[in-house]
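Try each task before you read its solution.

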Amino acid sequence: MIVVYHKNNRITKVILEDKSKISFAKNKPIAFGLMQLAERFPESKLVWCHEEYQEVLNLAELNTIMHHNKIMLSYNPSSSNYLGSKIGYVEESLFIKINKSVRYPTWQMSSLVGGVHASIIKATEGTIQRDSDFDYYLNSIAKVCKPQGLLCYSEPKLLKKHFLVSSPKASIFTLFKFIKQHYKKRWVVMLFLNLIIYEHEFPLVAFLYAYFFKNRKRNATNIDTIKVNSSLTVVVNPTVDVIIPTIGRKDYLYDVLKDLGQQTHLPVHVIIVEQNPSVESVSELDYIHNEDWPFVIKHTFTHQAGACNARNLALSQVESEWVFLNDDDNRFESDLIEEVFKGIKQYGILSLTTAYLQVNEHKHNFHIHQSSIFGSGNSFLKADLLKKVSFDESLEFGYGEDTDFGLQLRNLGVDVICFPEIAILHLKAPMGGFRIKPTFAWTNDKIQPKPSPTIMYVKLKYNCKEQISRYKTTLFLKYYRHQNVKNPIRYLIYFNKQWRKSGFWAKELKKR
């Protein structure tokens, strides 16, 4: 491990793990010095730390929190980050609004304190310029390499004590430059448009300035040769229970049970919650009792329809160390669970999600990566987490319950890692014949809310105001072409009424 201390955008000293000092390039940018150290010590962890944090740098925790070579960490105790909240006008993902109290997935890095393996720095040598602005350099590495498999976090454990230190902030020119170098061109225009609409700013010079820079993501940085072997032990007892909510899919569910019965690593319990809202109905799953299964089936029959309720009922019955959130119209290979446990052990993680493709659908990302979503039909997690998370029943019959569940996990400090080579086929089977169309409190409103109040509920809960404004702009533009009011002023007036209606009902959902 090598620690680089810096101040005023220059390295002040470099310390080895044995406390000895080594020479470094004086009067050179920090990024230049970091690359030199990566070349000299290619097997080392490189840590950077502002001089103000030298006494509280948590060196004792570093090997635990950087437990494999594809991890990049940093931390800034301030509520604001280098690029500021205006980055939310461009990116809607969960990586923007950072929970600073836990280890939280984000590509937004800070020069105040952080760490990365030397092999990652070396891999960027020909693709990412060594910027004189160290914060820009770190954010660029994380933004470019995260889709390639680099796991990036805000990590409060880097410091033993938290206090604020003055840190660099990107100017509006730097923000536009960053967008141009790391996003598609249209987002430069969208940032400009959103700043005009919501900030009443007109940064024309900064907007034009951005077009002098080339996109860095076109020259993809390859980190595939960097091996991952976590030093953490996350699997003590490799037992797993499977939960399956079902309604009207008897034959499809039978195939799922058969696939589970052929697993090379068998589950202990398969927990089925069968729903039928007809008060006179009884279970149709006769094969649960008529056939022998290589696992215990826990079967609950309920007249209360709703996937959130059904999943929560099933999760409350989990007994094993791990849980597989499955669905009643999935198909998968016999080594699914075995491969999942290999991945969990290799990366030292508490939550894993698989590829979840429909028939004739193709994968777009082939790298193991930090997922921006969570799937309630294709995910595995440590069962201890179920004491702190559940499916929000305010979202029943709407949209967003998967997203909400995944964000609950991230806000506990649990990342969701996607393994695209581990696949589950989602058949998207037809709905059962006795399903009923739900009626919402807003169903009969003259002005229908847009977006769905359940979606707005999740966005208000987890997104910053700039991200919500971004969503409003893109929603307006998306639906303008698909509705009958072609006068843009009239459409804007009507759209704002729909937006306010959605916000009203989202707040009502929050009261439940």
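**Exercise 1.** Find out which strands pair with strand 7, and in which sense.

Solution. Strand 5 (residues 104-105) pairs with strand 7 in the antiparallel sense, over 2 bridges. Here strands are DSSP runs of E of at least two residues, and helices runs of H or I of at least four, numbered from the N terminus; two strands pair if DSSP finds at least two bridges between them. Next, look at strand 4 (residues 71-74): it runs parallel to strand 7, joined by 4 bridges. Now zoom in on S154: Y104 stands opposite S154, and S154 is also the bridge partner of S74.

A note before you go on: this is a predicted model, where local features need pLDDT of at least 70 and side-chain atom pairs count only at pLDDT 80 or more, while totals for chains, interfaces and linings use all residues. Residues are numbered from 1 along each chain as its sequence is written, and side-chain values use heavy atoms, leaving out hydrogens and water.

**Exercise 2.** Work out which way the side chains of strand 7 (residues 151-154) point.

Solution. Start with the rule: side chains in a regular strand alternate between the two faces of the sheet. Then check: L151 and Y153 point one way, C152 and S154 the other. All are buried (under 20% relative accessible area with a 1.4 Å probe, protein chains only; exposed is over 50%, partly exposed in between).
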